[in-house]
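Please consult the sequence and the structure shown below while reading.

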Amino acid sequence: MNQNMKANIILTAAAALLLAACHHHPHEEQHAGETAAHATEAHAGEIVFPHAKAEAAGVRTSEVQPRPFREVIRASGQILPAPGSEATVAATIGGTVSFPSRMAEGMPVAKGATLATLSATGMEGGDPAQRAKVDYETALQDYQRAQKLLDGQIISQKEYNSIRSAYENARIAYQSVAAGSTANGQAVASPIDGYVKQCLVREGDYAAAGQPLMTVTSTRRLHLRADVPAKHYPRLAAITSARFETPYDNRVHSLDSLGGQRLAYGRTASAETSFYIPVTFAFDNREGILPGSYATVYLLGETEEDAITVPRSAIIEEQGAYFVYIQLDEDCYRKQEVKPGSTDGVATRILQGLHPGDRIVTQGAYQVKLAGASSAIPAHSHEH
């Protein structure tokens with residue numbers, strides 16, 4: 001190609017570019033700028049948290065769908081031993097206390113196991129077990145002799161009855177100490193399976209006959225007592241179950257899974273109880289629950305079929321406002337303010353701010369919050 005032809009081609013291309021520039025209207029540039037600004041505004045405040053990092057941080061999501069939710073009354077309460085589940089172990093004779101092993105509160109004990117031994121060695125009157133044996137054998141001989149004398153009409157029926165009564169008393173006294181008599185003294189056994197709740201004496205102390213030595217509790221069956229404000233009294237008849245949580249663990253326990261049942265609720269309120277009405281449940285202690293501990297109780301009543309709920313772990317509180325994080329795509333989240341309602345200890349009802357189909361962060365919301373503190377972006381190229 002010669003130089004003239006090249007020059008003509010270059011001139012033709014330049015003319016075409018100039019013509020295109022002349023036909024480009026200024027408002028088209030303005031429209032393009034507005035489109036970019038709109039994209040920037042639409043994605044402002046969104047949080048980028050790459051999927052791999054979110055998964056490693058324990059972030060989990062689920063889709064919001066209407067589901068049944070039971071009416072809830074929140075109250076304070078206490079875990080109590082069931083009647084008959086505690087026993088006081090008392091000294092059967094007077095003597096010096098010794099323990100078969102190191103005794104400590106909370107130790108498990110079996111029914112019939114020796115808890116303490118009482119020794120009267122060196123004390124005035126000697127060993128009560130030996131003394132009871134002598135008294136019994138003497139009374140037995142008197143009783144056998146009286147039977148023969150009565151047959152020969154040598155003594156009266158009244159005298160015979162008196163001798164027989166003395167024998168019966170001596171027999172009962174001897175049998176009561178003979179069962180626990182050992183070479184080291186009088187053994188005191190646990191009447192139930194359970195745990196040592198409280199030890200009332202120390203090694204080497206003197207205990208008189210009948211003095212309490214310790215209390216033993218069986219934790220197989222417990223009571224949950226909730227103290228409910230009197231304003232909720234009309235709703236108590238519908239309460240059939242409950243959940244509760246204690247200060248010493250992070251678990252919410254359900255009475256439905258512990259064989260729980262409602263026993264009763266109070267019909268009156270008094271000034272002594274600050275106008276609180278007790279509601280009592282019984283349940284099996286299958287999860288190591290500590291008797292005597294206080295609890296937050298969630299009383300469960302009637303069921304609403306279509307409620308919007310989220311796990312408690314999904315909600316973040318900031319200065320009195322409540323938020324969840326909605327997942328927009330695999331790597332992007334948005335902070336959403338919500339209005340929570342009541343909670344049953346596991347789930348919280350949402351009154352405003354969420355709709356069916358929203359995918360929210362159910363675990364690791366705090367990690368998403370931390371990511372948002374440093375990775376909020378002005379624009380993002382994902383499609384919603």
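The second largest pocket has a volume of about 160 Å³. A pocket is found on a 1 Å grid over the protein atoms alone, as an open set of points where a 1.4 Å probe fits, with protein on both sides within 12 Å along at least five of seven lines; lining residues have an atom within 4 Å of a point. Grid points are joined across faces, edges and corners, and a volume is the space filled by probe spheres set on the points.

The model is predicted: local features need pLDDT of at least 70 and side-chain atom pairs count only at pLDDT 80 or more, whereas totals for chains, interfaces and linings use all residues. Residues are numbered from 1 along each chain as its sequence is written, and side-chain values use heavy atoms, with hydrogens and water left out.

Lining the second largest pocket are G106, Y195, V196, K197, T217, T219, L290 and P291. Strand 10 (residues 194–199) makes the greatest contribution to this lining, three residues. Strands (E, at least two residues) and helices (H or I, at least four) are DSSP runs, numbered from the N terminus.

The largest pocket is lined by 20 residues, and R67, P68, F69, T309 and A347 are those nearest its centre. Two or more lining residues come from each of strand 2 (60–63), strand 3 (67–81), strand 18 (294–307), strand 19 (309–311) and strand 24 (359–363). Strand 3 supplies the largest share of this lining, with four residues.

Ala, Val, Leu, Ile, Met, Phe, Trp, Tyr, Cys and Pro count as nonpolar, Asp, Glu, Lys and Arg as charged, and the others, Gly among them, as polar.

| Pocket | Volume | Lining by class |
|---|---|---|
| Largest pocket | about 270 Å³ | nine nonpolar, five polar and six charged residues |
| Second largest pocket | about 160 Å³ | four nonpolar, three polar and one charged residues |

Two strands are taken to pair if DSSP finds at least two bridges between them.

Two bridges link strand 6 to strand 10 in the antiparallel sense, and P108 has Y195 of strand 10 as its bridge partner. On to strand 12 (residues 212–217), strand 10 has four antiparallel bridges, with V196 partnered by V216 of strand 12. Y195 and V196 are also among the residues that line the second largest pocket.

Strand 12 is in turn joined to strand 4 by five bridges, again antiparallel. Here A87 stands opposite V216 in strand 12. In a regular strand the side chains alternate between the two faces of the sheet. In strand 4, A87 and V89 make up the covered face, while E86, T88 and A90 make up the uncovered one.

Strand 14 (residues 241–245) and strand 15 run antiparallel and are joined by two bridges; R243 stands opposite S254 in strand 15.

**Two loop residues with positive phi**

Most residues other than glycine have a negative phi. Q153, although not a glycine, has a positive phi of about 60°. Q153 lies in the loop between helix 4 (128–151) and helix 5 (157–178), and with 72% relative accessibility it counts as exposed. Q319, likewise not a glycine, has a positive phi of about 50°. Q319 lies in the loop between strand 20 (316–318) and strand 21 (321–329), and its relative accessible area of 86% makes it exposed. Exposed means over 50% relative accessible area, buried under 20%, and partly exposed in between (1.4 Å probe, protein chains only).

**The chain as a whole**

The protein chain contains six helices and 25 strands. Of its 384 residues, 34% are buried.
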